[in-house]
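Hi,

Here is the structure I promised to pass on. Please have a look, and my notes follow below.

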Amino acid sequence: MKNKHDKLFYKYLDGRLSEEEKSELNNLLRKDNEACERLKLLATVSEGLSEYSYNPQNNVTKPSLKYVPWLISLAASIVAVLSFLKPEAKPGSAEPEVSTPQTPFYALLVDQAGAEFADGAGPDQVKFNKGLYQLDDGVIHLRFSNGVDTVMRAPATFAIRNDYNIRLDHGDVWAIVPPGAEGFTISSPSIDYEDRGTEFAISVDGVNGSSTLHVIDGQVDARNPKSNELLSSVFEGQSTEFSEGELIPVETSDLSKFPSPNSIGYLRWQEQLSFYTNQSDELIGYFPFFEEPHLKNYSTNPIVGDGEIHGARWVTGRWPGKKALLFDRDDDYVEFNITHEFDELSMSTWINIDRFDKTLTSVFVSNDWDVPGDFFWQMTRYGQIWMGYRGGNRINKTNTQVIPTGQWVHLSGSVSIPQKRVKLFINGEMMSYADLDPSSFNKMVPGMCRMGNWHTTNINEGNKVRALCGKIDQFSIWQKELSQEEVEELVELGKPSVLWAMSSQ
Amino acid sequence: MEWEFTNKMSDELNADLRSEFPRLWAKHDPSIRAFVRASLPDPHDLAEVMQNVSVIAWKKFSDLEDAETGFGPWVSVIARYEILKFRRTKARDRLVLDEDVAEKLLDEPSDSFSMRSEWLLYLSTCLKKLKKEHQSLLREAYASDISIKKLAEQRNKKPNAVYQTLSRLRSALADCIEKEMSTKGAQ
């Protein structure tokens, strides 16, 4: 009988297997190919039945999110993105199709900073279905299943009617409507704003119901919500206000109260600055890159001191409002004097490299490189990166990735003399490793060193110019070896946006 | 605080990824889940591995040359690796098979993915052949967190009797699917 083992298989599939039965199952599957095929079939039946039985009211399918933070998780977001489903295709009809995906929802929370919803007026984890929502605090970025992005700042009260219509009772919304999603409508208490393929911002006053529309790009039609009569078409650069039954053109005022998708990352970063200032003495240099005459060290154990900025200019960093230093000339650099001795050193930075046009490009290197203990962190013309010190021979080097240019990248690296190893990471993933032989010198003493450049007085040096072409936004120095988990946390804390994580790696 | 308004989402995310990946994933998701479930029956384990698989597939989607026909088998390869990686962290779990057995289950010929999709299609057909009361029982049993005990109480039956019925129904569905497959193969 081909189903003679089904009972055992069900115990396994239903989580009722004892240790003895587990052993029996392993032995059976090891020697019986037909049993393997039967188990696969029964597993498929079970999975198909789970979907067949989907019921929106019962909220059946809840992916486990235990490894990811609520709301801002990339992974959770992706899992949820994958479950986008047109409501018309839902089970619930007389004969639901087995192969239909699961939980229906109209929009997905793809990013947030400090978001708090009123009790009973929040999403199902990251999913927004039809219903009323009240955002009490923070900023949220929603993506609808048709690709429309909306960003809202608290306080805001809104109702999602479907994936083409939200009613905004109160608050500020920035909307980006991609081609194909024209017709997306934001309804205010007295007027509908129907997108014709564009980007726009709407503000609704919750007290008197008045609303203001700013069209950033494209066209938006203002319509009477009852008759659908076209009241006005508003075009790029124009603003209009609807108040007391009248629609009147107005000057476009300051739009800074509207958050953009990218600005959320900055807000989140600002909230998490305390992470660095609450670190132990092992964090000896924390440079958030606030625009100041010196590159100030905000670490609570600032033995590295401040950096002296030479030439490098303040420009926009990972987000609008956040600063970075631009290094694009041969004499741009930031200089430090680090006189302590270290057994372990780690550095991490957010960097955006324009190009590799020199044999070697410096991230952070001791001047002259003539004394045992001098430190280096630099990149090759091919985008490979290495870290080490004079006197520590690196052996068995492996390098699996190169650094991408033209985008924000998180770089970090550690040199551990006790562990005899060097580890380097790109965007949280280890990409280079080397064993270290510290037998000729077993201390790191960076001394005078430069960020974004290198200085040497050696006239015989062939690669004197190692100036960085790009931007640096944030830099940290630790007197310990960073673990994989710690590096991943640094990436998570500072990533430009959730979408950066999806698209840049 | 200064804001700039030139940062459009379209600059950050490739339009093809945005439109194609979710569609392909939604299409193949049931088959991928079924593949993972045979090796990781615990729903939490399943969800976790599916998360990992989806993230990796998203990241590497641009590497896939023939997405329309190759997506399912390609994701299965990713899933295979992730299952093996995951099971090593839980090797002592009751529901985690020995490594050699797990590898045997996961080593499939290239056409297995499409076969699993067919199984799911025929499951739909076979379900319709069941009595309405049995369809209802299966739907309720799988629909939510309801326990077998509760289900039995609602039907004024003993839990074991309900469990046995559910087992028989699943076996009947599996037999039906095999029969449909062989009928199709004979045509």
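A residue counts as buried if 20 or more other C-beta atoms, placed from the backbone, lie within 10 Å of its own. This is a predicted model, in which local features need pLDDT of at least 70 and side-chain atom pairs count only at pLDDT 80 or more, while totals for chains, interfaces and linings use all residues. Residues are numbered from 1 along each chain as its sequence is written, and chains are lettered from A and ligands numbered from 1 in the order in which they are written.

Chain B, to begin with, has nine helices and zero strands (DSSP runs of H or I, at least four residues, and of E, at least two, numbered from the N terminus). Of its 187 residues, 38% are buried. In helix α5 of chain B (residues 99–106), the buried residues are B:Ala102, B:Leu105 and B:Leu106. They lie on the same side of α5(B) because they cover an arc of only 95° around the axis, taken from the directions from the helix axis to the C-beta atoms.

Now to chain A. Helix α1 (residues 6–13) of chain A packs against helix α2 (residues 19–31) of chain A at an angle of about 120°, with the axes 10 Å apart; axes are lines fitted to C-alpha atoms over the stretch in contact, and angles run from 0 to 180 degrees between N-to-C directions. A:Leu8, A:Lys11 and A:Tyr12 of α1(A) make the contact with A:Glu21, A:Glu24 and A:Leu25 of α2(A), where contact means C-beta atoms, placed from the backbone, within 7 Å.

Best wishes

Technical notes: A residue is buried if 20 or more other C-beta atoms lie within 10 Å of its own, exposed if 12 or fewer, and partly exposed in between; C-beta atoms are placed from the backbone. Two residues are in contact if their C-beta atoms, placed from the backbone, lie within 7 Å.
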